[in-house]
Amino acid sequence: MRTTAVAVSLFFLMLTGCASRHLPSEIHPYRTEPSQENSIDLSQYKSPQSRGSGQDPNTAFAIAISGGGHRATNFGAGVLIELEKITNASARKTNALNEIDYFSTVSGGGLAAAAYISSLHDHNYFSSGNTKNPQEYSFADIILNGNPSSNANESSQGTCLSDPMLKDHLAHGYHKDLLEGIFAWNRATRGEFLERAFDNEILGQKWRKNKLIESNGKLVRSPSLKLGDMFVSKTETDRRVTVPYWIPNATVYENGSIFPFTPDFLKLYMICGYRHRLKKHSFDPETQSYESFINDVPLALGLTASGNFPVLIPATTLQSTMDPMNPYLHLLDGGMADNLGIITAVRLLSAEKTARRLLIVVDAFKENAAPFSNTPKPPLMADTAIRAMGLSLDSWRGRAREIVKALNTSEFYGPDIKTVFISFDDLRELTTFDELFKFGLSQNDLDCLEEKGCMKNIIVNPFNLVRTVKTRYNLSPSQQNLLFAAGRYITNKKAADIKEYLGWTANQ
């Protein structure tokens with residue numbers, strides 16, 4: 001009955017909608033071959049390896065974090081926490097997290113990267129004038145030891161250099177905003193409520209606004225993080241790179257191509273307008289340069305575009321001057337084109353000419369890869385319509401390792417990209433929760449999960465329990481602790497390989 005209702009709803013949505021393309025067109029932005037996907041042009045930016053934070057300039061390091069709602073978000077955050085604990089004994093203050101140059105994310109995985117980028121940016125920004133008592137940045141401390149009882153809306157944030165509520169935000173901090181958007185009377189603005197919520201919580205706009213006023217008596221800059229806060233053009237001689245480059249990937253509605261949300265891609269597609277925090281923003285050549293317009297595009301817009309799951313959340317729409325007859329670009333969930341973000345990550349690393357190149361793939365996939373059904377009847381049309389929305393996302397997992405291996409051994413990409421896969425598969429060997437207890441999971445968490453029915457009708461082990469966490473924007477504290485522990489355990493298990501690929505083995 002529920003399936004039929006959803007199918008009918010989809011049918012009427014198709015009837016009431018209209019084709020997004022106005023007239024047939026052959027206009028397509030390209031850098032190499034007509035109608036082919038474009039790669040990010042790294043030659044436009046200063047290298048993230050020049051951050052001056054103890055990084056090895058001979059290593060290019062990218063991490064791809066998959067989609068999967070808050071399951072991917074918190075599993076990815078657990079991975080980042082443990083990467084920070086993998087250190088190089090011969091280099092003070094150097095850890096694997098600090099070595100990352102590029103984040104390539106999809107949908108929910110982007111929230112983990114956004115939390116890291118926003119907290120690192122704020123720490124650097126608000127500590128820049130404090131030379132007497134400098135505080136060392138720690139993502140683990142911010143997430144695991146932040147003050148959950150503090151009020152992010154209060155003007156006084158004490159000595160905090162980043163939002164202490166990040167852990168809460170990563171679990172369910174904007175669930176109400178999402179529901180408000182879903183039930184908004186104007187379906188075109190539903191995604192905008194989510195974009196505002198991402199900006200407020202995950203990307204720290206609310207906390208940063210209060211901190212700026214507290215520190216300066218007024219707002220001395222926009223409280224929303226912009227592309228220009230992360231990407232630094234080679235023409236900006238007076239600025240240095242302070243954070244890794246984070247690329248949330250979306251999917252272009254019209255042709256299914258990957259759209260990495262970066263300044264050079266927005267310029268390539270001649271983007272001239274967007275909506276941010278429920279307001280329209282358009283390029284005005286009389287008041288600003290095009291470069292400054294692009295730099296002012298908010299990071300929250302890319303994060304939202306990357307997670308616009310079809311039907312539930314409308315596409316993010318950008319305005320363009322490239323094709324006068326078709327002046328709009330619609331962006332859907334990045335998982336529709338590549339649910340792991342590996343294509344963009346490998347393209348980034350292929351452009352690097354360093355001695356070492358490392359890729360970590362974080363896969364929060366949870367479905368069963370078995371191909372068989374228990375019914376002799378073919379699926380109903382309604383079931384097929386619903387299945388089609390997620391089929392491309394699921395199909396990536398069955399070929400991801402093969403694709404990365406093929407890309408790494410091709411002439412075009414080069415054979416020297418070392419790859420580490422971090423997925424729930426590494427939990428299969430565990431029959432008890434003892435190992436996860438070492439990484440923050442508690443017996444109380446297990447008891448809470450059992451009370452909520454998460455252990456019904458399953459063989460209770462870490463692998464099966466993690467897979468009970470649904471793809472949605474709301475988690476219980478126990479589910480969050482479970483995902484943190486899983487990400488940390490698996491990353492710790494791969495620590496030896498990560499150190500070897502970073503060239504740290506001889507130093508330990």
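Keep in mind along the way that the model is predicted.

Let us begin with the aromatic rings. A pair of aromatic rings is described by the distance of the centres and the angle of the planes. This structure holds 19 aromatic pairs. In one of them, Tyr102 and Tyr245 sit 6.4 Å apart, centre to centre, and an angle of 50° between the planes makes the pair tilted. Tyr102 belongs to strand E2 (residues 102-106) and Tyr245 to strand E3 (residues 245-252), so this pair ties together parts that are 143 residues apart in sequence. How accessible are these two tyrosines? Buried means under 20% relative accessible area. Tyr102 has 2% relative accessibility and therefore counts as buried. Tyr245, at 1%, counts as buried too.

A second pair joins Tyr116 and Phe139. Their ring centres are 5.6 Å apart and their planes stand at 90°, so this pair is edge-to-face. Here, too, distant parts of the chain are linked: Tyr116 is in helix H4 (residues 109-127) and Phe139 in helix H5 (residues 139-145), 23 residues apart. Both Tyr116 and Phe139 are buried. Returning to Tyr102 and Tyr245, you will find that ring pairs link them with Tyr45 and Phe231 into a cluster.

Next, look for helix H13 (residues 342-350). Nine of its nine residues are buried, so H13 is largely enclosed by the rest of the structure. The buried residues of H13 include Ile342, Val346 and Leu349, and Arg347 is also among them.

Most residues other than glycine have a negative phi. Met270, however, has a positive phi, near 55°. You can find Met270 in the loop between helix H10 (263-268) and strand E5 (271-276). With a relative accessible area of 34%, Met270 is partly exposed. Leu278 also has a positive phi, in this case near 65°. Its place is the loop between E5 and strand E6 (279-282). Leu278 is partly exposed as well, with a relative accessible area of 30%.

H17 passes H19 in a left-handed crossing. To see the contact itself, find Asp445, Cys448 and Leu449 in H17, which meet Ser478, Gln479, Asn481 and Leu482 in H19. The residues of this contact divide into three nonpolar, three polar and one charged.

Our last stop is Ile459, in the loop between H17 and helix H18 (462-466). Is Ile459 buried or exposed? Its relative accessibility is 64%, so Ile459 counts as exposed. If you trace the chain back to Thr431, 28 residues apart from Ile459 in sequence, you will find the C-alpha atoms of the two residues separated by 9.7 Å.

Notes:
Residues numbered from 1 in each chain as written. Predicted model: local features only at pLDDT ≥ 70, side-chain atom pairs only at ≥ 80, totals over all residues. Heavy atoms only, no water. Left-handed = near helix turned anticlockwise from the far one by under 90°. Helix = DSSP H or I, 4+ residues; strand = E, 2+ residues; numbered from the N terminus. Contact = heavy atoms within 4.5 Å. Nonpolar A, V, L, I, M, F, W, Y, C, P; charged D, E, K, R; others polar. Phe/Tyr/Trp six-rings, centres within 6.5 Å; stacked < 30°, edge-to-face > 60°. Buried < 20%, exposed > 50% of the residue type's maximum accessible area, 1.4 Å probe, protein only.
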